[in-house]
Amino acid sequence: MANFEGLRDSNTRQQVASVATDRMRRGDFSAAGRAIYDPASRVFTTDASGNVRAVSATPFPGGVIPQNRFDPVAAKLLQFYPAPTTPGDNILRNYTRQAYTPTNWDQFTQRIDFNENAKSFWFGRFGWNDEYTSTASLFANQNEQYALKAYQAMISNIRTFTPTMVNEFRFGFNQLNSDATTSSAYVRNVTAELGMRDIYNTSPAAWGIPSVSLANGLSGFGDPVDAPFLEHNTTFQWTDNLSITKGSHSLKFGGEIRRMRVNELGNIYNRSNQVYNGNATFNPASRLNTGYSFADAMLGQMSTFNWAGALASVQFRSTPYSLYGEDVWKVTPRLTVNVGLRYRSEEHTSELQSLAYLVCRLLLEK
């Protein structure tokens, strides 16, 4: 028996954002509605408690930041922050695009039954699943994508040694790979291109665009901060069950061994998160209505910087096993006693599971 299923679901979703105007991208904030002040011109004083405080600053002439004052990393980051699709000085919902959001998956299952002879029966199964989905980001190539691959295989043999002795053996294999990454993962090491020292020394799974947060109604840009997260888990399983009938006793013995491998890699803030809120370009004497977050970004004056430092790596290994023995004894036609013993290695103790309850079933015949 074989079965295949597949899905291709292609959708687009309109994304609307508020981005910096063409003037602002050139350093001209004269139409921004808020005066910007040069952080290098701040005047400081010391209060009565000995605290150093900024008390004044000089505005940029005409509200324009000279391009020689642009931070080099900020200037390169502009390639990932698209220009408005609606021209003018209004930042409100001035950018639109159609975001492609695919959902694809394939699934395959196969089963084989084989009668070797009158005393041996084989059964096998294999399954495979492959899924891919992508989020709809505000800007192109700044989405989070999810890839899931699962494999399952099993083979079993039931062998009759004698009319009163039957053995069943099974071997199983399961593997699950679940990856949450950005669209730049394994493709483009953006932080290295930007010259962000030390941050680019990381796994290709964490490659991507730094996350930039802006204020004053502007949409931020960059890759999501919560990727990558990679999970690759594998389990091998061996089980055997031997059944023996002897007189009024039905005996069963068996056990199970599992080999489990858990591998996880990931963290948040792998490419850094930069927050700009206008605190660098406000007037210390009039903070409420001065300063602009995108002006801070062009100067490279961030208020908060988050970076994970490294990916967290987890590798767990475990080999639990269990053994059991059971006797179903038909004492009389109306009385059956079920007694068993089971040991589980992960609990490091013997469990008298069936012996603890000594189930006596009274089979009352009409």
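Me: Where is the place of N141?
Reply: The model is predicted: local features need pLDDT of at least 70, side-chain atom pairs count only at pLDDT 80 or more, and totals for chains, interfaces and linings use all residues. Residues are numbered from 1 along each chain as its sequence is written, and side-chain values use heavy atoms, with hydrogens and water left out. Strands (E, at least two residues) and helices (H or I, at least four) are DSSP runs, numbered from the N terminus. N141 is placed in the loop between strand 5 and strand 6 (144-162).

Me: Is N141 buried or exposed?
Reply: Buried means under 20% relative accessible area, exposed means over 50%, and partly exposed lies in between (1.4 Å probe, protein chains only). The relative accessible area of N141 is 57%, and therefore N141 is exposed.

Me: Which residues does N141 touch, not counting residues up to four places away in sequence?
Reply: Contact requires heavy atoms within 4.5 Å. With residues up to four places away in sequence set aside, N141 touches S183, S184, I209 and D223.

Me: What is the phi of N141?
Reply: Most residues other than glycine have a negative phi, and most peptide bonds are trans. N141 is not a glycine, yet its phi is positive, at about 60 degrees.

Me: Which value does phi take in R93?
Reply: R93 belongs to the loop between helix 2 (72-77) and strand 4. R93 is exposed, because its relative accessible area is 56%. Phi of R93 is positive in a residue other than glycine, near 50 degrees.

Me: Which residue has a side chain joined to that of S120 by a polar contact?
Reply: A polar contact is a pair of N or O atoms within 3.5 Å; within protein, one must be able to donate a hydrogen and the other to accept it, and residues adjacent in sequence count only if both atoms are side-chain atoms. S120 is found in strand 5 (residues 120-134), and S120 counts as buried because its relative accessibility is 2%. Not counting residues up to four places away in sequence, S120 touches residues including F114, N115, N157 and I158. At 3.3 Å, the polar contact joins the side chain of S120 to that of R159.

Me: With which residues is G6 in contact, leaving aside its neighbours within four places in sequence?
Reply: G6 has its place in strand 1 (residues 2-17). The C-alpha atoms of G6 and N129 are 123 residues apart along the chain and separated by 9.7 Å. Leaving aside its neighbours within four places in sequence, G6 is in contact with W105 and D106.

Me: How far apart in space are A280 and S303, C-alpha to C-alpha?
Reply: A280 lies in the loop between strand 11 (273-275) and helix 4 (293-299). The relative accessible area of A280 is 12%, and therefore A280 is buried. Not counting residues up to four places away in sequence, A280 touches Y37, P39, R42, D296 and Q301. A280 and S303 are 23 residues apart in sequence, and their C-alpha distance is 7.8 Å.

Me: What radius of gyration does the protein chain have?
Reply: The C-alpha trace of the protein chain spans about 105 × 55 × 45 Å along its principal axes. The radius of gyration is taken over C-alpha atoms, and the globule rule is 2.2 Å times the number of residues to the power 0.38. A compact globule of 366 residues would have a value near 21 Å, whereas the protein chain has 33 Å.

Me: How many helices and strands are there in the protein chain?
Reply: Of the 366 residues of the protein chain, 34% count as buried. Among contacts with a separation of 6 or more, 69% are between residues 24 or more positions apart. The protein chain has 5 helices and 17 strands.
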